Amino acid sequence: MIIRKTLSCAALTLGTIGVACASGEVDLILHDAKVRTMDDAIGIAEAVAVSGDRILAVGSNEEILALRDERSRVIDLDGRTLIPGLVDTHLHLDEVGENLQKIPTNDLRSLSVLLERIAAEAERLPEGEWIVGASDWHESQLAENRFPSREELDAVAPNHPVFLRRGGINAVINSAAMAAAGIDEEDTDPPGGKYDRDENGRFTGWIQSFAKVNEIAGLLPSPSETQVRANFVAAMQALSSRGVTTVRSQHVSPDHLVSWRAVVDDGEHSLRGVAMMAINPRAPLEQDIALLDEHGISPGMGDDDLRVGGLKATYDGGVETALLREDYANIPGFRGIEVTPLEKIEGLSAFACENGWGLSVHAIGGQAISNVLNTWGELNEHCPVAGLGWGLEHPYLPNASDLERMRELSITPHTQAPHNYTLGSGFLEFWGEERTHRSIPNRTYIDAGLLPAAGTDAPVAPFDPFLAMWVEVTRQTAAAGVLGAEEAVTPQESLRMHTLWAAQGLGMEDRIGSISPGKYADMVVVSEDPVTLDPESLRDIAVEWTFFSGEVVHQN
């Protein structure tokens, strides 16, 4: 038995699993389980004892049940599998909550259904109010394999501005939204982005620009503080229902950090969070720094329920605009864009290193990855980077030199398999087969000694970690079949990507990521063992109980 209790270790009978000790009372016992601890020193156990918000002991049924007293709550799991609380290292928590209030899009399979939903909203809402769709979809999931056109949106909602965001960088709008945003037919492309035009040069409504899409999003009615907090709570509850107990949220604004903190202080949270503070792609770096200083935000501030993890910048674009080494498969002469100029990435990196900030940079394309790593390599010569816990977000097309540099600088690759699921057809169209099949290279990272930390990028993609595991193991997509089978990982590796390796990517492996004495009692009871289950069924796993800091936050 592995234990943390007021009894001395010598007073306990050693079982076949082993013993370790600390202090605490027994508040909760989970027994008759298959406990996948993800702790190599323990392996698979049968039972767990909890004291307060921490794991007290892990061992056999007999050993753990012997620790109970009259005040212990005892739950017989009847042979079910218990795994560590799952970690999502890349999502947008406030937007997950917002998305739940918008026109659903993830289940769409045709433009006609999308247009019907928009028409219904136009009937329901007063003229002039915005119609907004959820962002966790991709046009390739539609039978037509394209966005709705501006004219199609105008036909069903002529008197309402329509804003359909897809992911973080793309959106499609109608003429009323164009007018509200001050976009003219003759406007040139926005800085660091593109306006899609038809063969006659007319704007189709499709925008590819992180800054412009965010600018239009800023025109939407601002939610009240009460609604912002409610969005955080709704997102947490939805994630708890799928076994997620820790998240690392991207592009967090100072105002939203305050709202999130209020949710935590009021005890309404059901998961712990790491906030990556937003860096404006086109604003002067001095403006970003001044904003942080104005709100008193400093590196690592907070606690294990919510702390500031660092700064987040977006260097290149998405699937249609990532900075590649060679031309796009479908756009000769085009190799992608810099959303944030490299000069600003260089200045930001120097500031972060000199001031002890965590830093993670969105760099999808191969050229983007190399440019960022070269910047960090040069910086490392006079300011050590390796101990700062920096990471790359969506580093999907690295080469051998990039892998070597990542090892040298201890850079974590944060990967999101649901991108393969939702964007697979887009990868093929824009990148071609060769690059697509080697993208999101989790197998390559693991074999190179780089441990990928898993996330979902919700609401850009679905927030379900078991869908992510299914994609990591099978490489299945929504509309393009299996892509890059050689980059598949084993079920055990996939589970590690969502637990211990994810915790390491956050610098929290001493507190979360495994079922080990002394760590937080973040645990999940699931309907099937994700390691031995047929991989094709991983996405169907049900979450029966979610424990956060020893408390039940979800029960099916």
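## Crossing of α7 and α8

In this predicted model, helix α7 passes helix α8 in a right-handed crossing, a term that applies when the near helix is turned clockwise from the far one by less than a right angle. The axes of α7 (residues 225–240) and α8 (residues 254–265) come within 9 Å and cross at roughly 65°, where axes are lines fitted to C-alpha atoms over the stretch in contact and angles run from 0 to 180 degrees between N-to-C directions. Helices here are DSSP runs of H or I with at least four residues, and strands are runs of E with at least two, numbered from the N terminus.

The contact (heavy atoms within 4.5 Å) involves Glu225, Val228, Arg229, Phe232, Val233 and Met236 on α7, together with His256, Ser259, Trp260, Ala262 and Val263 on α8. These residues divide into seven nonpolar, two polar and two charged; Ala, Val, Leu, Ile, Met, Phe, Trp, Tyr, Cys and Pro count as nonpolar, Asp, Glu, Lys and Arg as charged, and the others, Gly among them, as polar.

## Basis of the values

Residues are numbered from 1 along each chain as its sequence is written. Local features of the predicted model need pLDDT of at least 70 and side-chain atom pairs count only at pLDDT 80 or more, whereas totals for chains, interfaces and linings use all residues, and side-chain values use heavy atoms, with hydrogens and water left out.

## Aromatic pairs

The structure holds 10 aromatic pairs, defined for rings of Phe, Tyr and Trp (its six-membered ring) with centres within 6.5 Å, and classed as stacked when the planes are under 30 degrees apart, edge-to-face when over 60, and tilted otherwise. One of them is the stacked pair of phenylalanine 232 and tryptophan 260, at 5.5 Å centre to centre with 25° between the planes; this pair links helix α7 to helix α8 across 28 residues. Both phenylalanine 232 and tryptophan 260 are buried, that is, under 20% relative accessible area, with exposed meaning over 50% and partly exposed in between (1.4 Å probe, protein chains only).

Tyrosine 421 and tryptophan 470 form an edge-to-face pair, 6.0 Å centre to centre with 70° between the planes. Tyrosine 421 lies in helix α13 (residues 418–437) and tryptophan 470 in helix α15 (residues 465–474), 49 residues apart, and both are buried.

## Backbone features

A cis peptide bond, with omega of about 5°, joins alanine 458 and proline 459, and proline 459 is placed in the loop between β21 (453–454) and α15. Histidine 394, although not a glycine, has a positive phi of about 55°; histidine 394 is buried, with a relative accessible area of 3%.
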